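Visitor: Hi! Could you walk me through this one?
Guide: Happy to, let's have a look together.

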Amino acid sequence: MPAASRRLRPLQLHARLTHSSPSSDTTHFGFQNVPRHKKEDMVKSVFSSVASSYDVMNDAMSLGVHRLWKHDFVSTLNPGASGPSKCIDLAGGTGDIALRILDHAREKHYDRETTVDIVDLNPDMLKEGQKRFKQTMYHNTPQVAFHLANAQALPPAQFPSNNYDLYTIAFGIRNCTDIPAVLREAHRVLKPGGTFACLEFSRVDNSLLSTLYDSYSFSIIPLMGSIIAADRDSYQYLVESIRRFPSQPDFSEMIREAGFTTGAPREGKGGAWRNLWGGVAAIHAGVKL
Amino acid sequence: MTARAILQHALPLISTHGFTRKTLSLAVMQLPTPHSQPLSETAITALFGNGDDARRTLINGWLKGGLEDMQHGKTTGGTMQHILKRRLRWNEPVLEHLPEAFALLVAPQQTLPRFDIRPAISHAASVADEACYLTSDSPEGTSWYVRRAVIASIYTAAELHQITSPQTSEAFLDELLEKSESVRRVVAESSLFAEYVGKSWGSLIKSRGIF
């Protein structure tokens, strides 16, 4: 391993010195260890706090780049290309991805039959999504529905097995307590031949870019949180949670362990994941066969 | 079930459907536990890449299958001629789709370069390397590279001939191999003769006491 990448960056070193590995009864909440049963409520409270300014903050934090990533994500999936699809979007409270899916199917494939079930754990985020959809042509149509549910345990009565063609989760899976449980549920609700797709912040592989990214994340973003949203702590959590998420190879292995078939275990064309902006975000995909 | 297994099941479908995303989508209906529906576009993108990248994955998978098939040539013949002919026969079921497949491999994927000949060179070099390995034809030093370059050139010419005139391709290959062998003999004998002449002149010059 080159000497430069062995040198610990100050922010990560500080995090490692002040933070120990979680035991089986605890899990990570950013850089803190918290009891597993409390994480869900803590995450809920973070997102309730940020819900009303979520989109503004996303624009400020990523300088609008998150829109490009989400556009790339949906374009790659190309919903509607093989006919109307039944889609489910987890942690999709504000309806970002769902709206893009429906617009893409309509504009590229003249498809008005594709449907999206938007599922979120947080009622405040769902309310923001419902408000947004009222401004669109999909409001009060069968193409969109909102559900309050936990991605780790989707109620079978409401979300039967082998039911969906496409399962998406964008910038949400890192907040889940039990990622393997989320992946198992995704496998259950997808039809054979259905696709799982995840857009998430990930590990930057270039050490120079990583240093700049760390400085920006840990200094600027919480500051923006305190100025724009008057909530520094929630944005501190959001930044820390990114650092705790598994690396791209590890997460693609978790996807395979859940029963999905992925591309080759590498990055890029035909690979199990594709990096965006050098690994700042990554798109992972798998198919239920 | 892996993506590679689906690719293997797609190979027999190429002759009917070409090197297309449709071939990959239909492959799941050939599995031991077949699906009732072809794979969706989204699933093909997830497993094999977006747009033409999935087609390139299929083409590269087929080329790899050709190399693996050459190994059977070793057990049923074992000469360079036999193995290269076996490789040409691998092309026969998909001959009509080959020009488009090769064009796709060299097509530009970015603005520059305008076309990328590396896949074409890599294909010929792989076939030559595999053929030399299977026939234990591995001279030492720079001859190792020369031999493989010659076989790669012969195979490339034979394959191009096959696309335009499939019936005469094997005869064309025989002719090229024979010519290359006679050129090799001539070069070897000429080098030997030149060495003798050189040594003779050296001895003559020494005997005259010039140096």
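**The pocket lining**

Guide: The lining of the largest pocket divides into 18 nonpolar, 13 polar and nine charged residues. Here Ala, Val, Leu, Ile, Met, Phe, Trp, Tyr, Cys and Pro count as nonpolar, Asp, Glu, Lys and Arg as charged, and the others, Gly among them, as polar. This is a predicted model, where local features need pLDDT of at least 70 and side-chain atom pairs pLDDT 80 or more, while totals for chains, interfaces and linings use all residues. Residues are numbered from 1 along each chain as its sequence is written, chains are lettered from A in the order in which they are written, and side-chain values use heavy atoms, without hydrogens and water.

Visitor: What volume does the largest pocket have?
Guide: About 900 Å³. That is the space filled by probe spheres set on grid points joined across faces, edges and corners. A pocket is an open set of points on a 1 Å grid over the protein atoms alone, where a 1.4 Å probe fits, with protein on both sides within 12 Å along at least five of seven lines; lining residues have an atom within 4 Å of a point.

Visitor: Which residues are closest to its centre?
Guide: Of the 40 lining residues, those are A:Arg266, A:Lys269, B:Arg56, B:Thr57 and B:Asn60.

Visitor: Is A:Cys198 buried or exposed?
Guide: Buried, at 0% relative accessibility; buried means under 20% relative accessible area, exposed over 50%, partly exposed in between (1.4 Å probe, protein chains only). A:Cys176 counts as buried too, at 14%.
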